[in-house]
Amino acid sequence: MNLYKTIETMLNSDKPHISMHVPGHKNNAIGYLSMLDARFDMTEIDGLDDLHEPEGVLEDINMNLSLKYPGYTAQMMVNGTTNGILSAVFSLKELTDRFIVVGDGHKSVYHAIRLSGVHYTEIAYADLNGFDTASGDTFIVTYPAYTGDLMDIEQLISLAHEHGARVITDEAHGAHFDIAPGFPASSMAYGSDITIQSYHKMLPALTMASVIFTKSISVHREVMKYINWFETSSPSYLVMLSIESAHEFYKTYHPESFFSKRTRLIEALRRESIIVSEKADPAKIMLSHPEFSAYELAKVLTKEHHIHHEMVTDAGVLWCLPLFHRGDRYPYENLLKRIGELRLGSNQPADDDSIPPVTGVEQLRGRVCRRTIVPYPPGVPMIHEGETFSREHIKRITHNMYNHVRMEGIGHNIEYYKNEEN
Ligand SMILES: Cc1ncc(COP(=O)(O)O)c(C=O)c1O
């Protein structure tokens, strides 16, 4: 297998790949990344700058990014929001007695917690009312959820701040928030202490392009120390250029074509009897069908029509919509044409001839998990290292694997116990 040929075939086949997933440039159909040129792949030479101690052209980009939410200091990152979450947790660990993970946390949150050895607890968002908050607490919250659902972030931040506690917001999926009327507000509109956004997910930037925003300058200084520890010492100028470009896109965005194309798209899906669940984030929709499972629907969309989703779970097929704009190159009419050809009602999805063999999982019941199990996407751990596999875990793992959901860590656990028995 050759990576170049694999991707080239996907993009240039008779029925080219249509992206409803990240990155937000959708195969360079949205935004202005065509200006990138391999010659621009530079390093910290005279005339350029050092991302870990920026004082020239990279500092100018950071200053420009900081204007997104006055009062915040921004720092570009080239190792994704993962790098920002690690740095945020480490930067607050001296000020924090207890980290509180609210709802589903991405695996990077747990990696940060384990690496730093801090004390932590988990709580469901619904249980926050009446929660005994103290000034030594730092909440870590994912906003928005992967699916585009929102919680009342304003309430959470005021609850924390009333008690002198802090909030780290994992806003990986919300770099486009506040881009225009009709889009939700960022946690920074409500005073989140640290917010980290993946520019690459919903805005047109290259994969790994992220930005960390910090409210307090002393915390920013501490964050910079850890970014220096965790981030590559050779930041990609192409990724940084893509952040600059995506930020310009953000500042000048007009949403008219987004909303009109979104409406036509939803109507086209509904004509095919697809149930479209609209999310609080208008750039996310969840598809399901009255007669087929989400996995069957996903299979027809991808295998037969080459329309590729972001995620599929029991709840449906998640699409990340392009931020359509005047002059974009997204194959929108082609997409509508393929949707019009779905005819799902009369065309039962073919029987699955490629059901993966799910072997070795049952033997894990009652054993200690040796490596955290993470369905990917969404990247939220299902069972942590050190916990015991229950019947319910085994059932969920088998169900996911049967439906081709990637389960990070499962192979390691199965191998570990197989070797132990031999
Ligand atoms: C909720 C959430 N947080 C953090 C991350 C990590 O972001 P990145 O890929 O930019 O490192 C992801 C990635 O999927 C995510 O979904």
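Modeller: Accessible areas come from the Shrake-Rupley method with a 1.4 Å probe, and for residues only the protein chains shown count as cover. The protein here exposes about 19400 Å², of which carbon and sulfur atoms supply 51%. This is a predicted model, where local features need pLDDT of at least 70, side-chain atom pairs count only at pLDDT 80 or more, and totals for chains, interfaces and linings use all residues. Residues are numbered from 1 along each chain as its sequence is written, and side-chain values use heavy atoms, with hydrogens and water left out.

Biologist: What percentage of the 422 residues count as buried?

Modeller: Buried means under 20% relative accessible area, exposed over 50%, and partly exposed in between, with a 1.4 Å probe and protein chains only. By that rule, 52% of the 422 residues are buried.

Biologist: How does the radius of gyration relate to that of a compact globule?

Modeller: The radius is taken over C-alpha atoms, and the globule rule is 2.2 Å times the number of residues to the power 0.38. For 422 residues the rule gives a value near 22 Å, and the protein has 22 Å, which agrees. Along the principal axes, the C-alpha atoms fill a box of roughly 60 × 60 × 45 Å.

Biologist: How many helices and strands are there?

Modeller: Both are DSSP runs numbered from the N terminus: helices are H or I with at least four residues, strands are E with at least two. The protein has 13 helices and 15 strands.

Biologist: What share of the contacts joins residues 24 or more positions apart?

Modeller: Contact means heavy atoms within 4.5 Å. Of the contacts with a separation of 6 or more, 71% are between residues 24 or more positions apart.

Biologist: Which backbone values deserve a look?

Modeller: Most residues other than glycine have a negative phi, and most peptide bonds are trans. In this model the bond from Val22 to Pro23 is cis, with omega near 0 degrees; Pro23 sits in the loop between strand S1 (18-19) and helix H2 (57-66). The bond from Tyr143 to Pro144 is also cis, with omega near 0 degrees, and Pro144 belongs to the loop between strand S5 (137-142) and helix H5 (153-162).

Biologist: Where is Met208 placed, and where is Arg343?

Modeller: Met208 has a positive phi, near 90 degrees, and lies in the loop between helix H6 (199-202) and strand S8 (210-214). Met208 is partly exposed at 42% relative accessibility. Arg343, with phi near 40 degrees, is in the loop between helix H11 (332-340) and strand S14 (374-376). Arg343 is partly exposed too, at 48%.

Biologist: How many aromatic pairs are counted?

Modeller: Rings of Phe, Tyr and Trp (its six-membered ring) pair if their centres lie within 6.5 Å; planes under 30 degrees apart count as stacked, over 60 as edge-to-face and the rest as tilted. The count is 16 aromatic pairs. Tyr110 and Tyr120 have ring centres 6.1 Å apart and planes at 75 degrees, so they are edge-to-face. Tyr110 lies in helix H4 (residues 107-116) and Tyr120 in strand S4 (residues 120-123), so the pair ties together parts 10 residues apart in sequence. Tyr110 is buried at 7%, whereas Tyr120 is partly exposed at 30%. Phe131 and Phe139 are also edge-to-face, at 6.2 Å centre to centre and 65 degrees between the planes; Phe139 is buried at 0%.

Biologist: Which residues form one aromatic cluster?

Modeller: Phe183, Phe258, Phe259, Phe324, Tyr330 and Tyr332 do.
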